[in-house]
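Subject: Structure handover and notes

Hi,

Here is the structure for your files.

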Amino acid sequence: MLRSSVVRAAATPDKDTLGSLLRHYTGAGAPLSCEPVAEGLLNHGYFLATTRGRYFLKHHLDGDRAALTRQHRATRRLAMLGLPVAPPVADADGRTVTVLDDRCYALHPWVEGRHLDGAALTRGQSHRLGALLGLVHTALEQVMADEPHPPRPPCADAGADPARTFEMIDELLALARGARPRTSFDELAEHRLLERRALLERHTHHRPPPGTEPAAGWVHGDFHPLNVLYRGAEPTAIVDWDRLGVQPRAEEAVRAAAIFFVRPCGTLDLAKVAAYAGAYRSACGADADELAAAVHRVWWERLNDFWMLTWRYQLGDRRTDPQFPAAAALAVWWTREYRAVREAFTR
């Protein structure tokens, strides 16, 4: 499943651009320095120091002002409810999106913190993380009550089509086998593709039927360790709301756990998953059946998902290569330990 298109390059804003931008904001000061800190598919981020403070400057590459305004409105409302978010700074006219030379920018307060994955979290912190995501989902339901739901793709509720997956496997196998010079990554990719094809042939009949998706609602859309900042032992900010949208909520909980709590060997820390999932269910009222359905659908999604190999072989983007060994092994392990994984999310 391809996540997005090729990253569009964007140069660091020059001093004139930064000066023009900051003049929209009361009390933001004049620019001193601007350093890239993040480069994503939907935005580029910069640490911006001014004569009056420190900021996170976000250049939104897609330029969808309506979506950005919706995201900003959501985070401002969530902040009012006490959730750890970093809403954008409003300019002198109350706007949170500034357009310069057809580029969309947003200015956020700089938040000090660090990223922690599941290995660095205690079981208690894992419990609190699950409770936080449950609170995010219930709070979004409240603050987005007056927002129209964005359209969903026609296939959004259908499980991945294994026929298309087999075609993708053949395409990627040809690219991995033809790579020159051939590396250990190419050999691993070939092994995992062949392995996954055999797994899918055995499990095709487990494709989730239509109508089995869990309840949909507003979700963060990209809840993982790089989008949660910690100060000490507690989360200080949930960032990067670019994928805010309406999806099955329990599926976001399962996807997040599969990223937070995956070990380098491709297994999940099921004790921490259980603590996280129990707190999530309590915080948002999701029952065991809803989580079981989400586990099945996300497992099927992972079994059919080759986005990291698509990035490498079709887009020439190798940024996710380090994540591939664990992610590929997880799909195999999850299939073998399906009942144990489901139990961790539902007990």
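First, burial: buried means under 20% relative accessible area, exposed over 50%, and partly exposed in between (1.4 Å probe, protein chains only). The areas come from the Shrake-Rupley method, and for residues only the protein chains shown count as cover.

This is a predicted model, where local features need pLDDT of at least 70 and side-chain atom pairs count only at pLDDT 80 or more, while totals for chains, interfaces and linings use all residues. Residues are numbered from 1 along each chain as its sequence is written, and side-chain values use heavy atoms, with hydrogens and water left out.

Salt bridges

The structure holds 27 salt bridges (a side-chain nitrogen of Lys or Arg within 4 Å of a carboxyl oxygen of Asp or Glu). Helices (H or I, at least four residues) and strands (E, at least two) are DSSP runs, numbered from the N terminus.

Among the bridges:

- Asp240 pairs with Lys58, at 3.8 Å from N to O. Asp240 sits in the loop between strand 8 (234-238) and strand 9 (245-248), and Lys58 in strand 3 (residues 54-60), 182 residues apart. Lys58 is buried at 7% relative accessibility. Asp240 is partly exposed at 22%.
- Glu234 pairs with Arg128, with the closest N and O atoms 3.0 Å apart. Glu234 is in strand 8 and Arg128 in helix 3 (residues 123-143), 106 residues apart. Both are partly exposed: Glu234 at 36%, Arg128 at 38%.
- Asp186 pairs with Arg312, the closest N and O atoms being 3.6 Å apart. Asp186 lies in helix 5 (residues 184-203) and Arg312 in helix 9 (residues 307-314), so the bridge ties together parts 126 residues apart in sequence. Asp186 is buried at 1%, and Arg312 is buried at 8%.

Shared partners also join Glu213, Glu251, Arg255, Arg297 and Glu301 into one salt-bridge network.

Surface charge

Asp14, Asp16, Asp101 and Asp102 gather in a surface patch of negative charge. Patch residues have over 30% relative accessible area and no salt bridge, with like charges joined within 9 Å. Asp and Glu count as negative, and the charge is placed at CG of Asp or CD of Glu. Asp102 is in the loop between strand 4 (98-100) and strand 5 (103-109). Asp102 is exposed, at 76%.

Cysteines

How many disulfides are there? The count is 0, taking a disulfide as a pair of cysteine sulfur atoms within 2.5 Å. Cys34 is in none; its nearest cysteine sulfur, in Cys104, is 17 Å away. That is too far for a bond. Cys34 is buried at 11%, and Cys104 is buried at 4%.

Best wishes

Definitions and conventions:
Patch = residues over 30% accessible without salt bridge, like charges linked within 9 Å, V, L, I, M, F, W, Y side chains within 5 Å. Areas by Shrake-Rupley, 256 points an atom, 1.4 Å probe, with all protein chains shown as cover.
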